[in-house]
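Subject: Structure handover

Hi,

Here is the structure I promised to pass on. Have a look at it first, and then read my notes below.

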Amino acid sequence: MTKHEEKKRSNIEDVNRSIYDIKDKVEYSFKADTGLTEEIIREISSQKEEPEWMLEKRLAALKIYDKLDVPPWMPDISDLDMSHIDTYVRPRTDMKGSWEELPENIRDTFDRLGIPEAEKTSLAGVGAQYDSEVVYHNVHEALAKQGVIYVDFETAVKQYEDLVRPVFGTLIPPSYHKFAALHYAAWSGGSFVYVPKGVEVSMPLQSYFRLNAPGAGQFEHTLIIVDEGASCHFIEGCSAPKYNVANLHAGAVELFVRKGANLRYSTIENWSKNMYNLNTKRSLVEEDGSMTWVSGSFGSHVSCLYPDTVLKGDRSKAEFTGITFAGKGQYLDTGSKIECLGKETTATVHSKSLSKGGGTAIYRGVVHIGPKAQGAKVSISCESLMLDNESRSDTIPDIIIENDNIDLGHEAKIGRIPDENIYYLMTRGLSEEDAKAMLVRGFAEPISKELPLEYAVEMNKLIDLEFEGSIG
Amino acid sequence: MKEIAINRLPVLTYRYLKTNDTKILFSAPQVSAAADFSDKTYVTVGAEFPENFEGASSETLAAALAGEKYTITIPSGMQAKLTIEIKLENQHADYAGAYHFLLQKGAKLELVWKLSGTEAAQGSYLASYYELEDAAELKISKLQADLAEATLYDQRFFKLGKAAKADVASAELGGKQVIVHSRGALNGDEAALTERTVYTGTGKQHLDLFYHIDHWGKKTVSLIDGKGALAGEAKKIFRSTLDFHRGCAGSEGEEGDYAIQLSPKAKNISLPLLLCTEDNVAGNHASSAGQVSEEDVYYLMSRGFSWEEARRIIVESLMRPIVDSLETSLQEETLEEIRRKLDAKGE
């Protein structure tokens, strides 16, 4: 190896994106005009043959979208022009119940991503969305017999209107912010999960969202109801190949955790570096319920993602574990929101971020302990690691306490890998780059161990490659 | 009176929380009191201020600059002590004043600010610009008490040269609305600034505390430390920012806000920001809020203290390190004032 090669840095965008970056030939059976107009919204609704109430919701949301401004605290998204976004791209297939029935190019894409294999080995159900529509959906027969519903969102709107209609758009109303309004106007695809009372779904359900069309938007809606005493683990993955035009993701995730229920929601976001990821997630937790978020944000050009947990019920619990890795050209503004409303609620937030190569990682958090949330206990920990001095890392927490019977602790740290730690490992025989890689893995380990196994492995590979040859 | 926005965050967050800034009703000072100096050796009347001197808002800074102006210059290598006392009595219901402190190379100044007065006082509009040349040292102790109906603006800016050190200890105990806006620029290598504050919010007191320290020089050190208790329907907003700019290698900063909640109606808001574009730094934030520990109260009561005494001891113990860092003559007075407010329970 030459000295020049030794000094060559591996950049984050080099890392194993090959799987995600493979572009399929762009094919579709229908594509709406670019932009966001009433005509386009009516056309989407018509294509889906959906009930009138849903069209009315879409049109009301569009009016809200037109009224609201872009929040001034957001990252710069001036390069995102809605008039150039393809709002709806229907792939050249309808939804199938077996992978073999899918067109070869779509099947190959999901094969490369490992979804069918994961389904065989470790998942209780899978939904796969390609551009604007779900193309594959399946759930284990045993679960279906227990009354578990896991279907694409279009099917849910028509077949399970009694479950969907009363709660759809209530947790994240279109007025939540401009991009929530956009979502409700243009939503397409997504998943609906209903876990009946007392049913424990022992293996995870997974939805995977793939955006192939350049310049397109993806606006899937995920709605999960875990009924009293039930439990479920849901995994959400997403990726897209990189294009020279902006893509947009503005999904919404509404999660209802009923009395004594448990929901774990894991997300691995690995969008391409031309993606504007303006996603919204919110959970409502009732008495003795428990909500666990595990979130990994690795992709996107700009990301704004702050899962919000409303601890409405007494003794309800929330846990948020998140990691953000911002590389060159990325502005990842992520965090969490905790709203303690019920008595004796507890919440733990554990957030870590890494930034390098000029990337920006922001932690933006909110803890609001309301006047009736007597006995609330909240613990927050934020750690940011800077891997060079070209990057940016900010921590912006907002803590609001409105009663005296609480216990809150918040800690934040920012900095680089301590020289003493590198030195210590080097005295034990490690090279400098191995020592650094080990310390970064150690930094990320409390989070990576919470990720689904294949994603944890992927993250460790990413860290290793990052340090390979970086010391000259 | 008009509504203005004060103490705006350097980077914004969600609007619906209404914490990016504070909206208050502002009125300009009417009848002005005069400050009393313990020693006028280094004091001259009149002062000029740089354009980058920002206050809590343009209106509140302009109100201070419209009052009396002084320049205090401590020559190179000199050491000085100075007490500035402002009393707002009935016939002088307002104060407006702006001060430019220049500590030349190696100069040292121990400065005491005392602000007090009667319930008739309306407001105090204070602005002070501290310019410390290389290796200069400044120690400020501030006690603000009484003034139950007054709105008190204290706007300060610190510009620190190489190895300059400024240490500020404040007791914000009086006033109806207390607005502190402190900004520091650690320009020189190895400069250090500490901002320590104790507060007791009682009744319907509103404390709006803003601290922002920019690290520019290498190996600069900062500390922002707030400790207090909130009773009655008091409201406190603590906005603190440590900003590590590219090039400030080897710098360290800590910020902390510790509040004891003594009333179910007290409101406590904290926004401790860490902003960073330099990797070779250590920035830490820690904050906590909660009640007086029942175990601690029980322990003290088992040693013969009443519940009230036990509670007061615990709150005092939280504040004591900052009180002890005040100038000696202020310490007992500060403790007495804290005890008086806590014994009144603020309700």
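The element that gives the most to the lining of the second largest cavity is β19(A), with 4 residues. Keep in mind throughout that this is a predicted model. The cavity in question holds about 70 Å³ of space, and a search of the whole structure turns up 8 cavities of 30 Å³ or more. Three elements of chain A give two or more residues to the lining of the second largest cavity: β16 (290-297), β19 (317-326) and β20 (331-340). If you want to find the spot by residue, the lining includes A:S295, A:S297, A:F320, A:G322, A:I323, A:T324, A:T334 and A:G335. A:L305, A:P307, A:S351 and A:Y363 are also part of that lining. What classes of residue make up the lining of the second largest cavity? There are 5 nonpolar and 7 polar residues, and no charged ones.

Of its 10 residues, 9 are buried, so β20(A) is largely enclosed by the rest of the structure. Which strands pair with it?

- β17 (residues 302-305) of chain A runs parallel to β20(A), with 4 bridges between them. Here A:V302 stands opposite A:Y331.
- β18 (residues 308-311) of chain A is also parallel to β20(A) and is joined to it by 4 bridges. A:L311 has A:C340 as its bridge partner in β20(A).
- β22 (residues 360-369) of chain A pairs with β20(A) in the parallel sense as well, over 10 bridges. A:Y331 turns up again here, opposite A:T360 in β22(A).

Now for the aromatic residues. Over all chains, the structure holds 34 aromatic pairs. One of them is A:W53 with A:F168: the ring centres are 6.4 Å apart and the planes meet at 75°, which is over the 60 degrees needed, so the pair counts as edge-to-face. A:W53 belongs to helix α4 (residues 52-67) of chain A, while A:F168 is in the loop between α9 (161-164) and α10 (178-186) of chain A, so the pair ties together parts that lie 115 residues apart in sequence. Are these two buried or exposed? A:W53 is buried, because its relative accessible area of 9% is under the 20% cut-off. A:F168 is buried too, with a relative accessible area of 2%.

B:F37, B:Y70, B:Y99, B:F101, B:W113, B:Y130 and B:F158 form one aromatic cluster.

Back in chain A, two lysines are worth a look alongside rings. The charged end of A:K178 sits over the ring of A:Y65, 4.0 Å from its centre. A:K48 lies over the face of A:W187, at 5.5 Å from the ring centre.

A:L80 is buried, with a relative accessible area of 13%. Between the C-alpha atoms of A:L80 and A:L332 there are 16 Å, and the two residues are 252 residues apart along the chain.

Over to you!

Methods: Residues numbered from 1 in each chain as written. Chains lettered and ligands numbered in written order. Predicted model: local features only at pLDDT ≥ 70, side-chain atom pairs only at ≥ 80, totals over all residues. Heavy atoms only, no water. 1 Å grid on protein atoms, 1.4 Å probe; cavity = no way out; pocket = protein on both sides within 12 Å on 5 of 7 lines; lining within 4 Å. Points joined across faces, edges and corners; volume = space filled by probe spheres on them. Nonpolar A, V, L, I, M, F, W, Y, C, P; charged D, E, K, R; others polar. Phe/Tyr/Trp six-rings, centres within 6.5 Å; stacked < 30°, edge-to-face > 60°. Buried < 20%, exposed > 50% of the residue type's maximum accessible area, 1.4 Å probe, protein only. Lys NZ or Arg CZ within 6 Å of the ring centre and 35° of its normal. Pairing = 2+ DSSP bridges.
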